[in-house]
Amino acid sequence: MNFWEYLAGRHQQLLTDAYQHASAVFQCMVVATVLGVLIGVATYRSEWAGNLATTATATVLTVPALALIGLLIPVVGLGVAPTVIALTLYGLLPVVRNAIVGLRGVDPALVDAATGIGMSRPARLLRIELPLAWPPILTGIRVATQMLMGIAAIAAYASGPGLGNVIFRGLASLGSANALNQVLAGTLGIIVLALLFDAAYVLIGRLTIPRGIRA
């Protein structure tokens with residue numbers, strides 16, 4: 001059976017795995033984005049707090065994904081839970097770092113002008129600072145998403161959802177008729193999903209970032 005015949009015969013299962021993979025990454029990125037922006041907002045005014053937040057989230061990336069998932073299994077069990085926790089932790093660094101950089105890069109004159117017309121700090125943050133910091137935050141989200149696409153495949157080790165199951169089944173049966181087809185289908189599926197997500201982020205950027213800021 002060649003690769004195209006394999007795809008034709010297994011397309012339903014592959015589509016299901018692809019949906020689960022995309023869903024896991026999307027949901028974890030939503031959580032990582034909310035947490036990352038909140039951490040950025042809480043720490044960007046202080047040099048040491050910002051450095052601490054960046055260092056703490058960067059430390060997570062020094063832990064191999066397989067090891068982190070393995071450490072989580074005795075605590076939260078197999079399945080979705082270790083996948084969600086691991087992906088969320090890995091997605092924090094790019095968002096936190098870019099949120100801090102973006103918020104610190106806002107022109108102080110604009111903040112002073114907003115203060116001068118009576119804006120409260122929450123109003124300045126929501127109406128001035130966060131909108132101006134959105135381009136680097138979106139870049140951090142894009143980077144984190146591409147990273148999580150690959151890491152999510154390792155979640156199959158903990159019986160997690162996604163295309164990693166297809167890849168692991170192929171690796172476990174190397175030498176059989178469809179082993180290479182399974183690995184190739186899972187790998188190409190992840191690449192296609194990553195490209196689709198990135199295209200969606202480009203579209204979001206065009207819709208949400210004014211042309212002057214993009215320039």
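In this predicted model, helix H7 (residues 164-172) packs against H8 at an angle of about 155°, and the two axes lie 7 Å apart. Angles over 145 degrees count as roughly antiparallel, and H7 and H8 are therefore roughly antiparallel to each other. The crossing in which H7 passes H8 is left-handed. On the H7 side the contact involves Val166, Ile167, Arg169, Gly170 and Leu171, which meet Ala179, Gln182, Val183, Gly186, Thr187 and Ile190 of H8. Sorted by class, the residues of this H7 contact with H8 comprise 6 nonpolar, 4 polar and 1 charged.

The protein has 9 helices and 0 strands, and from the N terminus on its elements read α-α-α-α-α-α-α-α-α. The C-alpha trace spans about 70 × 40 × 20 Å along its principal axes.

A second pairing joins helix H5 (residues 108-116) to helix H6 (residues 121-154), whose axes come within 11 Å and cross at roughly 165°. H5 and H6 are therefore also to be described as roughly antiparallel to each other. Here the crossing is right-handed. From H5, Leu110, Val111, Ala114 and Thr115 take part, and they meet Arg124, Ile128, Glu129 and Leu132 in H6. These residues of the H5 contact with H6 divide into 5 nonpolar, 1 polar and 2 charged.

H6 also packs against H1, and in this pair the axes come within 9 Å and cross at roughly 140°. H1 and H6 are therefore oblique to each other. H1 passes H6 in a right-handed crossing. The H1 side of the contact is formed by His21, Val25, Met29, Thr33, Val37 and Val41, while H6 contributes Leu125, Leu130, Ile137, Ile141, Ala144, Thr145, Leu148, Met149, Ala152 and Ala153. By class, the contact of H1 with H6 holds 13 nonpolar and 3 polar residues, with no charged residues.

Attention now turns to the pockets. The largest pocket has a volume of about 210 Å³. Its lining is made up of 13 residues, and Leu7, Leu14, Ala18, Ala185 and Gly189 are those that lie nearest the centre of the pocket. Helix H1 (3-43) and helix H8 (179-208) each provide at least two residues of this lining.

By class, the lining of the second largest pocket contains 10 nonpolar residues and 1 polar residue, with no charged residues.

For H8, the contact with H7 includes Gln182, Val183 and Gly186, whereas Ala185 and Gly189 are among the residues nearest the centre of the largest pocket.

Methods
Residues are numbered from 1 along each chain as its sequence is written. This is a predicted model: local features need pLDDT of at least 70, side-chain atom pairs count only at pLDDT 80 or more; totals for chains, interfaces and linings use all residues. Side-chain values use heavy atoms; hydrogens and water are left out. Axes are lines fitted to C-alpha atoms, for helices over the stretch in contact, and angles run from 0 to 180 degrees between N-to-C directions. Helices (H or I, at least four residues) and strands (E, at least two) are DSSP runs, numbered from the N terminus. Angles under 35 degrees count as roughly parallel, over 145 as roughly antiparallel, 65 to 115 as roughly perpendicular and the rest as oblique. A crossing is left-handed if the near helix is turned anticlockwise from the far one by less than a right angle, and right-handed if clockwise. Contact means heavy atoms within 4.5 Å. Ala, Val, Leu, Ile, Met, Phe, Trp, Tyr, Cys and Pro count as nonpolar, Asp, Glu, Lys and Arg as charged, and the others, Gly among them, as polar. On a 1 Å grid over the protein atoms alone, a cavity is a set of points where a 1.4 Å probe fits but cannot get out, and a pocket is an open set with protein on both sides within 12 Å along at least five of seven lines; lining residues have an atom within 4 Å of a point. Grid points are joined across faces, edges and corners, and a volume is the space filled by probe spheres set on the points.
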